[in-house]
Amino acid sequence: MLSRSIISRSVKVNKGMLSCRFYTDGSVGSQRPIGSNDSFTKREKFNEDYYVKQHEKEQLKQLREQLKEQRAKLDNLESKIDKLTE
């Protein structure tokens with residue numbers, strides 16, 4: 001027995017038929033109450049947090065590399081300025 005009811009409609013379009021299905025909320029895929037602490041919700045939150053943390057770590061690594069490159073360029077320019085002023 002299905003836990004969801006299915007509504008099917010057909011609509012006539014210029015060059016054929018278009019069929020759509022609409023699903024009502026049932027036990028599968030329904031909204032969970034706020035503060036739900038089942039294992040799926042905890043695992044999903046952990047996975048999302050892990051992804052965000054890894055993404056931020058990757059961004060920080062790239063920024064540090066860019067900063068290192070800019071410092072090297074700045075040091076190079078300062079040494080050129082020092083040579084010109086001597």
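1. The protein chain holds 1 helix and 2 strands. Helices (H or I, at least four residues) and strands (E, at least two) are DSSP runs, numbered from the N terminus. Read from the N terminus on, the elements follow the order β-β-α.

2. On the basis of the note: this is a predicted model, in which local features need pLDDT of at least 70 and side-chain atom pairs count only at pLDDT 80 or more, while totals for chains, interfaces and linings use all residues. Residues are numbered from 1 along each chain as its sequence is written, and side-chain values use heavy atoms, with hydrogens and water left out.

3. Buried means under 20% relative accessible area, exposed means over 50%, and partly exposed lies in between (1.4 Å probe, protein chains only). The chain exposes about 8900 Å², and carbon and sulfur atoms supply 54% of that area. Accessible areas come from the Shrake-Rupley method with a 1.4 Å probe; for residues, only the protein chains shown count as cover.

4. On contacts: among the contacts in the protein chain with a separation of 6 or more, 10% are between residues 24 or more positions apart. A contact means heavy atoms within 4.5 Å.

5. On the annotated span: UniProt, in an unreviewed entry, places the feature "coiled-coil region" at residues 50-80. UniProt positions are given in the numbering used here, feature names are shortened, and annotations may be inferred rather than shown by experiment. In the model, residues 50-80 are 100% helix and 0% strand, and the end C-alpha atoms of this span lie 45 Å apart.

6. On aromatic rings: the structure holds 1 aromatic pair. The ring centres of Phe46 and Tyr50 are 6.2 Å apart and the planes meet at 20°, so the pair is stacked. Rings of Phe, Tyr and Trp (its six-membered ring) pair if their centres lie within 6.5 Å; planes under 30 degrees apart count as stacked, over 60 as edge-to-face and the rest as tilted. Both residues belong to helix α1 (residues 39-85), where Phe46 and Tyr50 are 4 residues apart, about one turn of the helix. Phe46 counts as exposed because its relative accessibility is 55%, whereas Tyr50, at 48%, is partly exposed.

7. On charged side chains: side chains of opposite charge can pair when their charged atoms come close. A salt bridge is a side-chain nitrogen of Lys or Arg within 4 Å of a carboxyl oxygen of Asp or Glu; by this rule the count is 1 salt bridge. Lys45 forms a salt bridge with Asp49, and the closest N and O atoms are 2.9 Å apart. Lys45 and Asp49 are separated by about one helical turn, because they are 4 residues apart in helix α1. Asp49 has a relative accessible area of 40% and is therefore partly exposed.
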